[in-house]
Amino acid sequence: MSDWKRSGVCLCHSSTTTGSDFCLRAGVRKHNSAVDVYHSTAGEAALPLLGLCEVAIEERKSDQRTHILILHTEAGHSDVSQAEWFNKSAWVHAVQICNLERIGHVDLLLALALGFDFVFLQKLPFEHGAADQSKEVELAQMMGGEERLELFVSQLELRNSMAKLPRTGGRWPYRRPVPGPNRRATARACATVLMPGVHQPLNLPQDAPYGTVELDLSACTMCQSCVWLCPTDALSIGEHKCELVFVESRCIQCGMCQSICPEDALKLRPRIDPKPSADTQQVLHQVEPFRCTSCGVPFVAKSMMDRLLARIWGRKGVRASEEVQELIPLCHSCQIQKQQGGNTKPAPLMIKPRQVSRQLL
Ligand code: SF4
Ligand code: SF4
């Protein structure tokens, strides 16, 4: 029984696209085919295939035939039509996508975890786009999509690959992934669902945007430069300002911490850790705190303060006025109090420091 469905996803507009402005409508009219075209709203844009997958998973649960998703451009329309002519017995959802280059590993993993046994993706014709697309496919394959994802160039390739697939996929084997608050979290959720037996971190390619950092404890001076530069708050300062804390699921492997570290103490390690512990804080380094000489509150690493004081008091060190030397071993509040002559009330025109809570990604 033939069961081919067609639809289109527009990824180039905001939620209010109408009539002929709709890029896919023009393409569909040209091909004169009955295709449902829908547009991703702003919310769906983060996961443009989510609606389609929600429908597919319900169909797949009641129909054990192998469910295939084909993602193609307008230029691939005729290839898909010919593949349909030669393979009428399959259950296929062919989706024409404008800006196919915006379909990444997250979308592919979502489709594989939510209703589709196999995904075929049309290879982009331009060199740069094709290289990026291959990386996304490779990443999705390593994150649980192995042997279930394929790029195709021609209708012959598509037809031959489809002919090799089994007719039935049996009972749907995966539990439903819960899409996360962002695309990264969704990718991690899908990878966990797709690799139920994997409980150890899996190494990923060098430029993968998931991974951990390895710290050379003997080199790290707790200068905190890496913390202030980390764009995702994967690195932060823990209790008493003397702990270097890391959350693996937030690390995008951008390498900024590594490049700023004056001691060359950090190394990146791309990997995916499916364990829930990847979402929690791990203490990478812990050092003795230095306590404010006035109120006793710990506020900096003792090693850092010792080094600074040694430079100030050393013969060849930094020259500092007596007043500044008195302020250095004090915490921020005590420094302000001292500068105001012991007055605890804020000065008339002084702006009260804001309580900044760093948002989780
Ligand atoms: S890892 Fe490097 S940059 Fe980060 S606190 Fe340690 S020494 Fe400073
Ligand atoms: S690689 Fe980037 S995201 Fe990861 S800890 Fe370093 S700075 Fe933060």
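In this predicted model, the buried residues of helix 11 pack against strand 13 (289–291), strand 14 (298–301) and helix 12 (322–327), where contact means heavy atoms within 4.5 Å and buried means under 20% relative accessible area, exposed over 50% and partly exposed in between (1.4 Å probe, protein chains only). Those buried residues are Met305, Leu309 and Ile312. Seen down the axis of helix 11, they fall within an arc of 60°, so they line one face of the helix, the arc being that of the directions from the helix axis to the C-beta atoms. An α-helix has 3.6 residues a turn, so residues three or four places apart point the same way. Helix 11 (residues 302–313) has 12 residues and should span 16 Å at 1.5 Å a residue, which agrees with the 16 Å between its end C-alpha atoms; the expected span is 1.5 Å times one less than the number of residues.

The chain as a whole has 13 helices and 14 strands, taken as DSSP runs (helices H or I, at least four residues; strands E, at least two) numbered from the N terminus. Of its 361 residues, 44% are buried.

A search of the whole structure finds two cavities of 30 Å³ or more, a cavity being a set of points on a 1 Å grid over the protein atoms alone where a 1.4 Å probe fits but cannot get out, with lining residues having an atom within 4 Å of a point. The largest cavity holds about 130 Å³ of space, a volume being the space filled by probe spheres set on grid points joined across faces, edges and corners. It is lined by 15 residues, of which Cys220, Cys223, Gln224, Cys226 and Cys261 lie nearest its centre.

Gln224 lies in the loop between strand 8 and helix 9, and the loop between strand 8 (211–215) and helix 9 (225–229) also holds Met222. Most residues other than glycine have a negative phi. The table gives the phi of these two residues.

| Residue | Phi |
|---|---|
| Met222 | positive, about 60° |
| Gln224 | positive, about 75° |

Met222 counts as buried at 3% relative accessibility, and Gln224 is buried with a relative accessible area of 12%.

Val287, in the loop between strand 12 (282–286) and strand 13, counts as partly exposed at 22% relative accessibility. Leaving aside residues up to four places away in sequence, Val287 touches Met222, Cys242 and Ala301. The C-alpha atoms of Val287 and Ala301 are separated by 6.3 Å, although these residues are 14 residues apart along the chain.

Residues are numbered from 1 along each chain as its sequence is written, and chains are lettered from A and ligands numbered from 1 in the order in which they are written. Local features need pLDDT of at least 70, side-chain atom pairs count only at pLDDT 80 or more, and totals for chains, interfaces and linings use all residues, while side-chain values use heavy atoms, with hydrogens and water left out.

Key. 1 Å grid on protein atoms, 1.4 Å probe; cavity = no way out; pocket = protein on both sides within 12 Å on 5 of 7 lines; lining within 4 Å.
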